[in-house]
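Here's a quick briefing to read alongside the model. Keep the viewer open as you go.

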Protein chains: 2
Amino acid sequence: MNGIDYGIVAILASLLGIVLAGYFTKFISKQDRGTDLMKKISDQVKEGARTYLRMEYKYIAIFVAVVAILLAVMDTVVDGNPPFTAFAFLVGAILSATAGYIGMVTATNSSAPTTQAARFSLNKSLRIAFRGGAVMGMSVVSLGLLGLSAVLLITNFLTDDLGATLTYVAGFGFGASSIALFARVGGGIYTKAADVGADLAGKVEAGIAEDDPRNPAVIADNVGDNVGDVAGMGADLYESYTNSIIAALALGWMAYRADIVPPLLESPVDGMGLEIFAIPILIAAAGIIASMVSIFFVRTKEDASQEALLNALRQGTYGAAVIVAILSFIIVYSLAPNNLGIWGAVIAGLVAGSLIGYFTEYYTSDRYKPTKSLAKSTETGPATFIIQGIASGMESTFFPVIIVSGTVLLSYHFAGLYGVAISAVGMLSTLGVTLSTDAYGPVADNAGGLAEMSGLEPKVRQRTDALDSLGNTTAATGKGFAIGSAALTALTLTAAYASQVGLTVGDFSILQPPVLVGIFLGAMVPFIFCAITMKAVGKSAFMIVKEVRRQFKEIPGLIEGKADADYQRVINLSTQSALREMVIPGLLAIVVPVVVGLVLGPAALGGFLIAAVGTGFVLAIMMANAGGAWDNAKKYIEQGHFGGKGSDAHKASVVGDTVGDPFKDTSGPSLNILIKLMSIVSLVFAGFIANYGLEIFL
Amino acid sequence: MNGIDYGIVAILASLLGIVLAGYFTKFISKQDRGTDLMKKISDQVKEGARTYLRMEYKYIAIFVAVVAILLAVMDTVVDGNPPFTAFAFLVGAILSATAGYIGMVTATNSSAPTTQAARFSLNKSLRIAFRGGAVMGMSVVSLGLLGLSAVLLITNFLTDDLGATLTYVAGFGFGASSIALFARVGGGIYTKAADVGADLAGKVEAGIAEDDPRNPAVIADNVGDNVGDVAGMGADLYESYTNSIIAALALGWMAYRADIVPPLLESPVDGMGLEIFAIPILIAAAGIIASMVSIFFVRTKEDASQEALLNALRQGTYGAAVIVAILSFIIVYSLAPNNLGIWGAVIAGLVAGSLIGYFTEYYTSDRYKPTKSLAKSTETGPATFIIQGIASGMESTFFPVIIVSGTVLLSYHFAGLYGVAISAVGMLSTLGVTLSTDAYGPVADNAGGLAEMSGLEPKVRQRTDALDSLGNTTAATGKGFAIGSAALTALTLTAAYASQVGLTVGDFSILQPPVLVGIFLGAMVPFIFCAITMKAVGKSAFMIVKEVRRQFKEIPGLIEGKADADYQRVINLSTQSALREMVIPGLLAIVVPVVVGLVLGPAALGGFLIAAVGTGFVLAIMMANAGGAWDNAKKYIEQGHFGGKGSDAHKASVVGDTVGDPFKDTSGPSLNILIKLMSIVSLVFAGFIANYGLEIFL
């Protein structure tokens, strides 16, 4: 087999994944959608989600067009090449947007069937919700690998220059990152603004229940779950997934041409042949196959306990990991029998992904000590609850950092910087199934809201709550996985960047003052980014509160339940506000690395990126885990501990939970995008920065 | 003049400073201490502070003895040298403890005279409080420079080897850091545990006012202000002050011997003579003289407004800066006319110190927009108040990081890494007066508490409140200054460490995986440290609450005001608890860098330190400023804004203020110690780590 054949294998695996996603989509469309009221409400949520996507895609279209033109200018006018970076950028962006669209529409389509099924069978309900999530999981990996392979094959065919192709393909990652920016940051602001706005105006001011249909913000709130947790998470991991492969290709190039150009650091894979590029692509293809097999075999008995359900899902993800481990051994053994260390890097990545997931669950689930003792701290009021939550979130950074550090050292030992990138590819290879279990959560959450709003019998809500609680666990694991993989991906992108700017290892020394200053600036930027996104949630939520107040005042009969609220207006408002508030953090992520590189020099940018990745990683874990723990501690109290609902402890826990909302659903996850986007921007503009930097301080 | 003469100049300046401190101590002892009740209460606070110090010094004695023996073993057995590191360590520790003792006893002696004077004259009261603080300011700089110069002269005389002397003298810095650890971390836990414990058990549970003498924790709370804000701040800055000089000497050595050993990075000062060592010492001596002059000329009219009072204090600090600028020009021009860049570095440091102070005030004072709009966010409850506070704290990291980065680049440009160290010396040269304005705050705060507890006429409390509010401003400025100088000092210590482990610039490259992993670990450690110190406050506060409950139950007549509370027991309990909780974070700061260096290698430790300094700096600013802003927003509401005292907005602000307590007074300031201590430990053990490291991953 030659290079083209490997590309075709990857494309075939991707197409199989797309077929499976199509099959599940059809499966869900054939399910019963329940009562007329259920249909009506779920259509409103679906319509709201579509509204958001339509508007978002309008903004994205403008943004993508502008960036594509800039990239084309850089390619053609500045560098004198054909505009392949712009081409790769467009494909990456369009396919990410497509995956997000398919996943989100299917997720909104799945909530009514899930609720309806919950009236009769917990397990059938779980199955529908899981398959609803699996459409997102399979779409992301299939479209990601399909697009990347296609761009590689086409560009290489047209240029007949592998080195140049690998430079252009970074554009694909930039495209993926741009969509992730809109989906994750914009979506994160949307979802929490709608959530906080709905709570403040409804629960607090008007005194009506959560999910009460009289609240004009209630549909926006439900849309938000899909926008943030489905589309946002999907785009985030699409970005990690494709970028980890891109970084492996770029770092593979260093080893491949080690005979011509001395690499930055010597590595065990130096001098390998073209198989160095085939391996990451084939591992990804193996991951798609493994995910399909394991998704299909996730089955439980009809009377399974919740623990058994959770185990069924877990067996899916662990099963996929085992299959990838076996297939990747075959791949490495056939293609590079003298470099079996590459396989070691794959295993390091797979193990690291599972471990990070475990520790995230440990620090956020109410089945373990940290969240239980956090719940106890509500006894002395909201202040101690918040202090303990922040302390616990900070403490929870320990294991993920140790795990990622260990993975870096091990995989570097096995196969140099290329090995580090391969460990990221390995970690993300089972994304098809891990993302499925992840996207299942919001479907179950929405199903619960739907049961409430349609006034179904209480046992339905109980069942959907059970599913939702299961979803919380998988969501926690998924969040940890998203953060860990983002850190590893961003790290390898940074290494890829460093390999392209034509400096020596010593130039990147921490003793060089520009690098040192870069490290200081890099440590700061995640904090600034969080500050901006948190304030954005506050501003947007305030606008929603004002609109809800207006509707209660101006729509006659609304508060009595005799007139319908104008849900659409709140949805439009949230969407506009979220997208507007996203502009500044988004620009920050794109402009700052270029400015640092041009003003302080390419070495300073290296220090900047490493520190931003390190600090952003730590801060993201802290915020996600503190937020998750507050949320679950509140739920734990609501189960009747420490006085249960309505007690002072419960009131204190509500304050902590609200603080945690932007922590865990806006700022924390947005940091994943920040660190990857800044790294891929640096990689795309590496040549530009190296040639045109001022470097006034070097 | 030769080297010894310069040392004698420094010693003379220090002795003058000590004379001034003695004069002020006598001045305060001659003041009227007011009514019998005032005397009794202030004696209790003084006795409490002494109790704390006695116990603390018992722990310190053991700790210092153990470390001194270890250092002596390292010097003699391992390296085959006389135990000069141990000697320097002992002198550094003992003098720091002495300065802390003098400063704290004087501060507690000053509160009664300040209160008494406030019954007749606002200005006289200010003057007493300021002079009470000035004893701490002058003791710190005088004993610091005196001890350091003496150790340098003695060790150089005995060894007759300047290079070895400069290695040994790092032990002095380690001694200073060890005391700072106890004073700042232990003191920080003590002060907030007592504060939170007194509030929870008194205000919340028993429903009695703050500072009510029936509350058994009230004296401990007042002791805490002195322990944390006077002794803690003093030891923190003693550490920065002496360590910045030590780093300048160590980095000066690199330039001095540039003809023999090629330095890590070339620098404009390469090849300078012995004057390279005289300059930092003489600048420090000039700073002492400048501080004395400006302290003496801080005077106001009897009917001055509060703005005028603040300006008088400011003129003191700015005046000292101008004097240092002039004197240091003369010093550099006389000793190194070809290296006037060194003077540029001094100016960069002086300007940076003032700028950081200004921006700290901007983000925490209720006279500016951030705190005003933060106060407004209480209208939607405690959760939004906390989110906004954290966001604002994160945002406030921008300018300090930019300022320190600019200072590093400029001073490096002027005089290489030596210049960076000189900028830290310059920033800290006016410490005598800046620390005086800083230590004035707790004296005024205590005077207010005393007025309350002794039942003096309301106008006294009004006056002391005015003084306290002035103190809040200077405290904010001082805190920013402490953080900024800690970052710059730690940075130069790290550079000094790197210069001593015998590696090349390229070994410290961020592309070397051990360095990269070091950066990840370094970014995490400040978070872990904060988690531990925040949890320590919670644990200690809980013990105090239990004791207060016990006393209310078991002491007959206490709650009716007929029997005295057992204050001493609460003080003992707080002290023991604080010192016990300090052990783990303290060990962490000392052991972790050595372990990182031994296991991952000396280059990884370099990456670790840089990242820890960067992230610790950013996190410290965020925590200090968020805490300060919450506190001042609460006070702003208490002045009658947004409903004033008792309103829902006020209740929300109390929650935020309590969250902020460990932020701004325990964890945030403790980070200053963490980053400096880890750097100086690395410098002290540099040779050991270089020779005995496993470096399994290199």
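This is a predicted model: local features need pLDDT of at least 70, side-chain atom pairs count only at pLDDT 80 or more; totals for chains, interfaces and linings use all residues.

Residues are numbered from 1 along each chain as its sequence is written, while chains are lettered from A and ligands numbered from 1 in the order in which they are written.

**Overall fold of chain A**

- Chain A has 21 helices and zero strands; helices (H or I, at least four residues) and strands (E, at least two) are DSSP runs, numbered from the N terminus.
- Its radius of gyration is 24 Å, close to the 26 Å from the globule rule for 698 residues, so chain A is as compact as a globular protein of that length. That radius is taken over C-alpha atoms, and the rule is 2.2 Å times the number of residues to the power 0.38.
- Along the principal axes, the C-alpha atoms of chain A fill a box of roughly 75 × 55 × 45 Å.
- Buried residues make up 69% of the 698 in chain A. A residue is buried if 20 or more other C-beta atoms lie within 10 Å of its own, exposed if 12 or fewer, and partly exposed in between, with C-beta atoms placed from the backbone.
- Of the contacts in chain A with a separation of 6 or more, 85% are between residues 24 or more positions apart. Contact here means that the C-beta atoms of two residues, placed from the backbone, lie within 7 Å.

**Where the chains meet**

- Chain A puts 60 residues into the contact and chain B puts in 59 residues.
- On the chain A side, α12 (382–395), α13 (398–429), α15 (458–500), α16 (513–554), α19 (602–638) and α20 (648–684) each supply at least two residues.
- α16(A) gives the largest share of that side, 16 residues.
- By type, the chain A side splits into 44 nonpolar, 14 polar and two charged residues. The classes are Ala, Val, Leu, Ile, Met, Phe, Trp, Tyr, Cys and Pro for nonpolar, Asp, Glu, Lys and Arg for charged, and the others, Gly among them, for polar.

**Symmetry**

- Chain A superposes on chain B by a rotation of 180° with 0.0 Å of shift along its axis (RMSD 0.0 Å).

**Two helices to look at**

- Helix α7 of chain A (residues 218–256) has 39 residues, which at 1.5 Å a residue should span 57 Å; its end C-alpha atoms are 56 Å apart, in agreement. The expected span is 1.5 Å times one less than the number of residues.
- α7(A) has a kink of about 30° centred on A:Gly232, the bend being the angle between axes fitted to the seven residues ending there and the seven starting there.
- α7(A) is mostly covered, with 39 of its 39 residues buried.
- Over in chain B, the 22 residues of helix α8 (residues 275–296) should span 32 Å, and the end C-alpha atoms agree at 31 Å apart.
- Since 19 of its 22 residues are buried, α8(B) is largely enclosed by the rest of the structure.

**Individual residues**

- A:Phe642 lies in the loop between α19 and α20 of chain A. A:Phe642 has a positive phi of about 50° although it is not a glycine, and with 18 C-beta neighbours inside 10 Å it counts as partly exposed.
- Most residues other than glycine have a negative phi.
- B:Phe642 also has a positive phi of about 50°, and sits in the loop between α18 (602–638) and α19 (648–684) of chain B.
- A:Ala209, in the loop between α6 (170–206) and α7 of chain A, is exposed, with 12 other C-beta atoms within 10 Å.
- A:Asp566 is in the loop between α16 and α17 (567–581) of chain A. Leaving aside its neighbours within four places in sequence, A:Asp566 is in contact with A:Pro216 and A:Gln551.
- A:Lys372 belongs to helix α11 (residues 369–376) of chain A and is partly exposed, with 16 C-beta neighbours inside 10 Å.

Conventions
Copies are superposed by least squares on the C-alpha atoms of residues with pLDDT of at least 70 in both.
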